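Here is a short note to read beside the model. Please keep the sequence open while you go through the points.

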Amino acid sequence: MNIQEYISSGIVESYVLGLADEAERAEFEEMCTRFAEVRAARDAFELSLEQHALAGAVAPPAHLRETILQQFVAEPAVNINGGAPVVQLRPIRRSPISMAMRYVAAAAIVLLAGSAALNVYYFKKYREYSQRYDQLVARQAELALNNKAMQTRMGGYERTIAGLTNPNMAKIYMDASAVPGNGSPAPGSQATVLWDTRTKDVYLMVNNLPQPESGKQYQLWAIVDNQPVDAGTLHMDEGRMMVKMKNIPRAQLFAITLEQEGGSPTPKGPMYVMGKV
Amino acid sequence: MGITLTYTEQELVSLLRNRDNKAFAYLYDNYASALYSIILQIVSDAELANDVLQEVFVNIWRRIEQYDTGKGRLFTWMMNIARNASIDTLRSRSYQNSRKNQSIQENVDTLPVTDINQPGIDTIGLRKVLEQLREEQRTLIELAYFKGYTHEEIAALEQLPLGTVKTRIRNALIQLRALLK
């Protein structure tokens, strides 16, 4: 829009007569500072309006003059009593906002900024501690697990010692050298059967057996009247602990063979150790 | 009324800001009639207009610091004070008079029509000029300038699109300027 169009759009009259809205007023005031033509158009309309108003003036009742002017004589007297007259040097457009409110607002802004900064700070802290907490929980769980494993092992060893020291426990030493025929595949092999003479429960303790290849498992046999009876398979991860096997009421020999994992109904694999009751 | 300007507007404003009583007397002598005419055109009641004129001079006295010479002439500023005070008075009056049952819309319908038709009022000031406008334009200026309704309110009252209201008021104002010259 060029300036002439703007001037002749009716905005000048709208502004001067107080009919323009806030946005229009702001724009017009801006245009006035930028364009002398706009200012000149405003001045011209104002002047014609003023002349018209003065020409069409209607005199108010004469007594009003005294009443009105009297008020202004009275008002400054109040100021003089209070000291120097209060002369405001600048137009105060936003006078309803008191100084106190300004301080309150300023304080509120400062507090808000401070609060925001603290929020950031504490959030960082929170994340840091949250991470540390997670780490601690993980470690605690790990320790609890280790502890449980240790207790299991301890229990095993306690039972082992109890078994070894139990006077009712018969100890049958099985040895590679006792293996008949072609002999043991691992000559240094040794294992001990602990046989509770009262309950007939059989426990096995490995002294020395090679780690079986994967898919294979050691199996204990009780030889009863020349017939092999399954006495259970052995898990090597139990270590040197005494492991409870099956209940065997009577037997003359005990032997260990290497079988397919899960055990076999009859011994098929090579014999590693054997011992007489 | 022969007005002889003895002060420039600048001088007058700075004297008024210094609470110079003579300057106020000068202001009254030179502008009270013009302002009274504007008040009368809006409130249309002489008793009421007397009260409003007092209020207007009190406002000028109290708010002269707020007058910004860069934004227009002193008279324009005073004229707008007179217009606003008149409309405020009219509204509070019509509110008090019609508290019982009317909505704002009814006030608009009842008040202006009787006022406009009152003999004498439309022969002074802007109203006289308005007589030369078309009926529809006159109604809009009546509502906007003399009743102080916003364009939105007028659009609702007249059941016209806001854009139409704005355009018609602008066109009426352009004609008004031509008529004032």
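The points below go from ground rules to chains, spaces and single residues.

1. **Ground rules.** This is a predicted model, in which local features need pLDDT of at least 70 and side-chain atom pairs count only at pLDDT 80 or more, while totals for chains, interfaces and linings use all residues. Residues are numbered from 1 along each chain as its sequence is written, chains are lettered from A and ligands numbered from 1 in the order in which they are written, and side-chain values use heavy atoms, with hydrogens and water left out.

2. **Chain B.** Chain B has nine helices and zero strands. Helices and strands here are DSSP runs, numbered from the N terminus (helices: H or I, at least four residues; strands: E, at least two). Along the sequence the pattern reads α-α-α-α-α-α-α-α-α. Chain B has 181 residues, and 50% of them count as buried. Buried means under 20% relative accessible area, exposed means over 50%, and partly exposed is in between (1.4 Å probe, protein chains only). Take the contacts in chain B between residues at least 6 apart in sequence: 61% of these join residues at least 24 apart. Contact means heavy atoms within 4.5 Å.

3. **Where the chains meet.** How many residues of chain B are in contact with chain A? The count is 49 residues of chain B, against 47 residues of chain A. The area buried between the two chains is about 4500 Å², and carbon and sulfur atoms give 60% of it. In chain B, Lys71(B), Arg170(B) and Arg177(B) lose the most area to chain A, together 15% of what that side buries. Buried area is the accessible area (1.4 Å probe) that two parts lose on being put together, summed over both.

4. **The largest pocket.** The space in the largest pocket is about 970 Å³. On a 1 Å grid over the protein atoms alone, a pocket is an open set of points with protein on both sides within 12 Å along at least five of seven lines; a cavity is a set where a 1.4 Å probe fits but cannot get out; lining residues have an atom within 4 Å of a point. Grid points are joined across faces, edges and corners, and a volume is the space filled by probe spheres set on the points. The pocket has 38 lining residues, and Tyr15(A), Gly18(A), Arg25(A), Asn80(B) and Asn84(B) lie nearest its centre.

5. **Who lines the pocket.** Both chains contribute. Helix 1 (3-16) and helix 2 (22-34) of chain A each supply at least two lining residues, as do helix 3 (46-63), helix 4 (74-97) and helix 8 (151-158) of chain B. Helix 4 of chain B gives the largest share, 10 residues. By class, the lining has 12 nonpolar, 10 polar and 16 charged residues. Ala, Val, Leu, Ile, Met, Phe, Trp, Tyr, Cys and Pro count as nonpolar; Asp, Glu, Lys and Arg as charged; the others, Gly among them, as polar.

6. **The cavity.** The count is one cavity of 30 Å³ or more. The largest cavity has a volume of about 100 Å³. Its lining includes Leu49(A), His52(A) and Ala53(A), along with Tyr145(B) and Phe146(B). Which element of the lining gives the largest share? Helix 2 of chain B does, with four residues. By class, the cavity lining has eight nonpolar, four polar and no charged residues.

7. **Helix 3 of chain A.** Its buried residues include Phe45(A), Leu49(A) and Ala53(A). An α-helix has 3.6 residues a turn, so residues three or four places apart point the same way.

8. **Lys200(A).** Phi of Lys200(A) is near 65°, a positive value in a residue other than glycine. Lys200(A) lies in the loop between strand 2 (190-196) and strand 3 (201-208) of chain A. Lys200(A) is partly exposed, at 30% relative accessible area. Leaving aside neighbours within four places in sequence, Lys200(A) is in contact with Trp195(A), Asn247(A), Ile248(A) and Pro249(A).

9. **Asp225(A).** Phi is near 50° for Asp225(A), a positive value in a residue other than glycine. Asp225(A) is found in the loop between strand 4 (216-224) and strand 5 (227-234) of chain A.
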